[in-house]
Amino acid sequence: MLRLAPGISLLVIVSALIFFGLAERVLDRMRLTDRSALILLLFMVGGYYLPEVPLPGGIRINVGGIVPIGVAIYLIATSDSSIEKARGIAATLGVMLLVLSTDRLLPVEPGFALWDLDPVYTAGLFAALLGYLLGRSRRLAFASAVGGLALADLIAVSGAGTGQDTRLVLGGAGLFDVLMISGIGAVIIAELVGEMRERIHREALLGDKEDDDVEREP
Amino acid sequence: MSRGSLRLGLMAFLVILLLPGAVFGSPEDDHLFHGTYMRMIDEEGNVLLVSARSIEPGDQYLTADNRLFEVIAVEGEVARAKFVEQVELPTDRYYLSDFLEAAVGKRREPRGIGIYHTHNAESYVPTDGTHSINGKGGIHQVGKALAAALRERGIPVFHDESLHLPHNRGAYRRSRATVLRLIRKEPDAIFDVHRDAAPPDQYAVEIEEGVWVTGVQLVVGRANQNFAVNRQYAQSLKRIADMVYPGLVKGIYFGRGNYNQDLTPLNVLLEVGAHTNSRDAAERGIGYFADVVDFYFYGPRDDPRTASPFGGPRGGIRAALRTLVAIVAVFLLGGFAFVLINSGSWDEAKKRLRSYWQRLLGTKERR
């Protein structure tokens, strides 16, 4: 990439750094410390240069690709209560269903309507909405985006029935894989929607002090 | 009704709504199975493009004669487009070594060209018997024809035939790993080779007297940060194609997708003919396109100093820098808007930003 003209190389590098920075901020909010978030991201970058690990059924996994999947499992497993865990699993299955349905029902090329985003971005959007709807939680949004998408692709590939070696590389694009894009996108959307909604709610509470039984957001 | 039961109800509703689609839904080449095509027409009613692809307002199309149109409305299967401008195609090339080696009269040493197929199943009805094969469709043979033509010219080729099935929009997600695998090999450019779904006349080109081939359409995605550079690149590639084989590149479609072009600005999607064309014609067409790629990336074979039509990478650099400024501006404004919403007032937002800045400079301890 550095062989390219300087302005273009700069665009590629700055875009990558901004994405790295966003990823670090998002992981930082996933019950991880600054340092562990950074180490995991560096592990993802390093994993890109390592060979893919073959799993049964034509599936492979990128060593760096384990990171978002591992974080998603960790977030659901360490949820505060069993209700929270159930919500995590429900949101993950919901995202999986949404991704499978839109993959199957919408046209092959994206863009048939104003809201029809590229498939690289849609899973994050679904997860943000479901994660927030079910649990008002950014962590849930991240976990369901990554988990739901990984499950959807595993199901899609195992049902492809080609008799040939269909290759699914989970997390194969490393830091720039759809798993990470979806997880980060989901958290950012959930965060923005959540902040705005909570702000409106707080102002409503201040404006109507009489109404004592209005529930405060967690 | 409690909140918990409301959420549960919503979830159940979602499952009932989506389960049939997730299990039984079957996407095909968009309008192909309804037997209809989308038509893009200009203000006078002239047909600019016929294809089964989805065409939406905002999409742009650069015709064979370099007129740029933008879709302003879609009514049923008709997309109305307005004329934007007559485009003067750029002469950009993007590698630093292009200029150094051309200056001393040498062809640039090829590093190779990457080829892959996001939609592996795509096939050609007259030759393959069907428009879609659940496995390696006829499009893989077209990829092989491109690879063979490039190798004949001494150019290394990385043809990745990984399958990204099933044939649906999720294939673009699954092919990202393939693009990254190709990027690791540091090729000079990457092509995602597809075929279109359109009537046969849309792609028929008489390239030399009595030699009929299918034309090639370039597709550039607007939904990624590399769009401006990618656009310059596709247009400069068309300029060389127009010079070497006029009419071979039938146009450039600027669609709403990403097409994994966010991973590198030198990744372009090629539509080589349509499902109604014969694969033989497509293989011949892509063979001519290999000449264009050879000329574009490695310069003319006779005398690179005198015969080269190329300029510098100025257009590409300008596009890249403009995008860069836009990205940084969006990032900063987005961040500020978020802090503002979060803080609730200008004063509180300023206080938080000041504190963050001090932490960044190390003049204040992080909590």
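How many aromatic pairs are there over all chains? The count comes to 11, where rings of Phe, Tyr and Trp (its six-membered ring) pair if their centres lie within 6.5 Å. This is a predicted model: local features need pLDDT of at least 70, side-chain atom pairs count only at pLDDT 80 or more, and totals for chains, interfaces and linings use all residues. Residues are numbered from 1 along each chain as its sequence is written, chains are lettered from A and ligands numbered from 1 in the order in which they are written, and side-chain values use heavy atoms, leaving out hydrogens and water.

**Aromatic pairs in chain B**

- A pair of aromatic rings is described by the distance of the centres and the angle of the planes.
- Planes under 30 degrees apart count as stacked, over 60 as edge-to-face and the rest as tilted.
- Phe227(B) and Phe254(B) have ring centres 6.2 Å apart and planes at 75°, so this pair is edge-to-face.
- The pair links distant parts of the chain, 27 residues apart: Phe227(B) is in helix 7 (residues 227-244) and Phe254(B) in strand 12 (residues 249-255) of chain B.
- Helices (H or I, at least four residues) and strands (E, at least two) are DSSP runs, numbered from the N terminus.
- Phe227(B) is buried at 17% relative accessible area, and Phe254(B) is buried at 0%.
- Buried means under 20% relative accessible area, exposed over 50%, and partly exposed in between (1.4 Å probe, protein chains only).
- Tyr245(B) and Tyr288(B) also pair edge-to-face, at 4.9 Å centre to centre and 85° between the planes.
- Tyr245(B) is in the loop between helix 7 and strand 12, and Tyr288(B) is in helix 8 (residues 279-298) of chain B.
- Tyr245(B) is buried at 16%, and Tyr288(B) is buried at 16%.
- Tyr233(B), Tyr296(B), Phe297(B) and Tyr298(B) form one aromatic cluster.

**Charges over rings**

- Arg53(B) lies over the face of Tyr253(B), 4.5 Å from the ring centre.
- The charged end of Lys250(B) sits over the ring of Tyr203(B), 4.9 Å from its centre.
- Such a charge has NZ of Lys or CZ of Arg within 6 Å of the ring centre and within 35 degrees of the ring normal.

**A sheet in chain A**

- Three strands form an open sheet in the order 1-2-3, with mixed pairing.
- Two strands pair if DSSP finds at least two bridges between them.
- Strand 1 (53-54) and strand 3 (168-170) are the edge strands, each pairing on one side only.
- Strand 2 (residues 59-61) pairs with strand 3 in the parallel sense over three bridges.
- Ile59(A) has Leu168(A) in strand 3 as its bridge partner.
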